[in-house]
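Open the model in your viewer and keep the selection panel handy. We will go from chain to chain and stop wherever there is something to see.

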Amino acid sequence: MRSLGWRRFVNRFWTVASAAGVVAALVPLASLLWLVVSHGAAGLSLGFFTNLPAPVGETGGGVGNGILGTLLLVALASVIALPVGIGAGVFLAEKGNGRAGDVIRFVTEVLSGVPSIVIGIVAYGLVVAPMKRFSALAGGFALALLMVPTLARSTEEFVRLVPGALREASLALGVPKWKTSLLVILRTAAGGIITAVLLAVARAAGETAPLLFTALNNQYWNFRADQPTASLTVQIFNYAISPYEDWHNKAWTAALVLLLLVGLLNLLARLLSRNRMEGAR
Amino acid sequence: MTLAQDVATRVAPQHRDERPAPPKPTVAPPNPPSRSGAADEEQPKLRISGLNAWYGQNHALRDVSLVVPPRSVMAAIGPSGCGKSTFLRCLNRMHELVPGARAEGTLLLDGEDLLSRQVDPVVLRRRVGMVFQRPNPFPTMSVRENVAAGLRLNGLRGSHDEIVEHALRKAALWDEVKDRLDASAIGLSGGQQQRLCIARALAVQPEVLLMDEPASALDPIATAKVEDLIHELKENYTIVIVTHNMQQAARVSDQTAFFYMGELVEVGPTEKIFTNPDKAQTNDYVTGKFG
Amino acid sequence: MAPEAHTDKIFDVELTTLRDKLLEMGGKVEAAIAGSVRALIERDSALAEKVKAQDRDINRLEVEIDDMCRRLLALRQPAASDLRFITTALKIVVDLERMGDLAVNISDRAVQLNQSPPVKPFHDLVTLADLSEAQLKKALDSFVEKDVEKAEEVIQGDDLLDTLYQKLFNDLLTYMMEDSRVIRRATNVMFAAKQLERFGDHAINLAEMVVYMVRGTDVRHPQSRDIPKP
């Protein structure tokens, strides 16, 4: 029998070690936040959110079109990815135990492992080349390809979590199978699925590589799907690789804006899931 | 037919005129002649002949034949794995949900063969409702929405407030929830949730109510309330109840069917089954010699 | 392949104990009636007193058996054959206890008679006694063996017993009319005979309950109701 003193020591040692691990993990995050905030906060202004990019040297430019573009791209991506991803997830959960399910799962796994630049190239080949133009649609398509695998997997998980008893209850009321899946199962899993959607959207909003040769960039406001579109991420990229210091500052600020956007989405997802938990009690 | 037509043809005017329910006597009815089936003269509600059911290769039900009179309670008893739950699920074709399950034989509801291909199981399940062992209210819906779920999910728009109140009264739950109809259904106690599920089943206006061990997950007081409820429901519905608890079967049912190893060993008036059954096997089960 | 024992072994033990106690009580009643009749015929007052003392055991057993039955009903919720057995026990116990009391009455008559000179022997009395004892024995046997035919024989046998009692009654009446000095003694004998006839009636009650216990049909009071088909 080990002595009590020894056990206490071991306990304390591992407690300290895990705390140190947490700190080690938090340090990069903290430093990242610190860097972005300290470099980018100075450039924040209302104009930054609403103005078009200004040429070098001029003051007062903004990333208004970038923000709009990101939102537009994400919206387009969602329109494509949500039905496909959620639909695939529901299919996998309900009927996914056969060959078809195995195939779909395999494809999803593969797709989620593809590097995002390759996704971009694929989108170029599938959308940009036939259309003979860069477009927001192509960018949205590329982002959708990124979103679908995680959406499908998460949806499958959440739908599987719905107790079978609910399905039985619904069917016993004389509700057809398809309506049961849609109105009961999906509605019960909705909370989780919405969380998954928000997280997928947050990720898509932060992608750069796929947009480089699909949506390209645009100096002006764009509301059309068939035109190249600015996006926050590409804008940051362009500012960052430029030789101008003034643009470097703008890059920091834009990065801060992007972080805020993504952070907001994550926070929303977190709040929603907590509400769901409390509502269930 | 659509649910609207289906419900409209079956909503009997007297159901609506029963509101508000008069106070029920707290004493047992003076003479229970109806226990042995005062409805003998009427056509049986359910007539089952030669019912066989398989789960894959497993022959779960063998040649079951019995008759359920209208507005009576039939209890199915037997040891675990005897086929009584399978039997119950065949009655509203829920057995079809299990892959590899099939049933053959004749299952007549008011003379109509339920197992035939012409009958849509979805429509059938609106005439034959089911309550399960564990209460399963829809967690994302309120009490009101749960009760109306059977109607709403089938596309019937409207507030259904009358039907909701009627069903909750019939399930002896109205007084307890009338002030919290829009609160989440999950906040109710186990016994209340089960009565909510009963109300939900009743809201679709079924003719037959199937109950699969409805009180086994409940405490004794909640169980007594559910049993009392079954006595009341018997006036308007035909009920088939599967139960592990023999005393419950004795308390609640008019007829009892004893199943063993997939076969129907004996069926008869409950009083007879529990005082002087015909088959020695029934006697052995009922006295606790096996099972 | 039908199992004989209940899954709950304690219940089996309780039912066996109940049956044993009933048989013990039956045995004591048999002994009581035999003893009281012998005391009457052999003019043995000591034996009569002994029979009266032993009635205490019979009464004690009645209370014990009632308690056991109530306990089983409350705690075991017996059904079907078990229920019939226990309700039969509750009813039989009443008849047995009364039969014990009848034996005590006969013993009292014996003590009374022994204070006077002997009265002429009545063979019919002995026969009546033998018949009553036989009825009880057959009824108890039918209970143990769950033999409905034997129980029905007991029920049929009551006619003979009644006839014999009537004959004895008439004979005693004639005897009294011939010689008024024997009236007191003859009346005692008549009382004793009456106890024996009632003894036979109780044996029939026992047999009717055995039929109910085994078959599930209640065959009592055939003149007052329609007997259900067994």
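The tour below starts with how the chains meet and ends inside them.

Before you select anything, note that this is a predicted model, in which local features need pLDDT of at least 70, side-chain atom pairs count only at pLDDT 80 or more, and totals for chains, interfaces and linings use all residues. Residues are numbered from 1 along each chain as its sequence is written, while chains are lettered from A and ligands numbered from 1 in the order in which they are written.

**Stop 1: chains A and B.** Show these together: of the two pairs of chains in contact, they share the most contacts. Two residues are in contact if their C-beta atoms, placed from the backbone, lie within 7 Å. Chain A brings 18 residues to this contact and chain B brings 23. On chain A's side, pick helices H7 (164–172), H8 (177–205) and H11 (245–280), the elements that give two or more residues. Helices (H or I, at least four residues) and strands (E, at least two) are DSSP runs, numbered from the N terminus. H7(A) has the largest share, with seven residues.

**Stop 2: chains B and C.** Next, bring up chain C, where 16 residues are in contact with 14 residues of chain B. Helix H3 (residues 80–114) of chain C gives the most to chain C's side, with five residues. That side divides into eight nonpolar, five polar and three charged residues. And chains A and C? They do not touch, and their nearest C-alpha atoms are 34 Å apart.

Stop 3: Hide the others and look at the 12 helices and 10 strands of chain B. Of its 291 residues, 47% are buried, meaning that 20 or more other C-beta atoms lie within 10 Å of a residue's own, with 12 or fewer for exposed and partly exposed in between; C-beta atoms are placed from the backbone. Select helix H6 (residues 161–170) of chain B, whose buried residues include B:Ile163, B:His166 and B:Lys170. Just after H6(B), click B:Ala172, which takes a positive phi of about 55°.

**Stop 4: A:Leu71.** Finally, return to chain A and find A:Leu71 in helix H3 (residues 64–95). Is A:Leu71 buried or partly exposed? A:Leu71 is partly exposed, because 14 other C-beta atoms lie within 10 Å. Draw a distance to A:Leu232, 161 residues apart along the chain, and the C-alpha atoms are separated by 9.3 Å.

How values were computed
Ala, Val, Leu, Ile, Met, Phe, Trp, Tyr, Cys and Pro count as nonpolar, Asp, Glu, Lys and Arg as charged, and the others, Gly among them, as polar.
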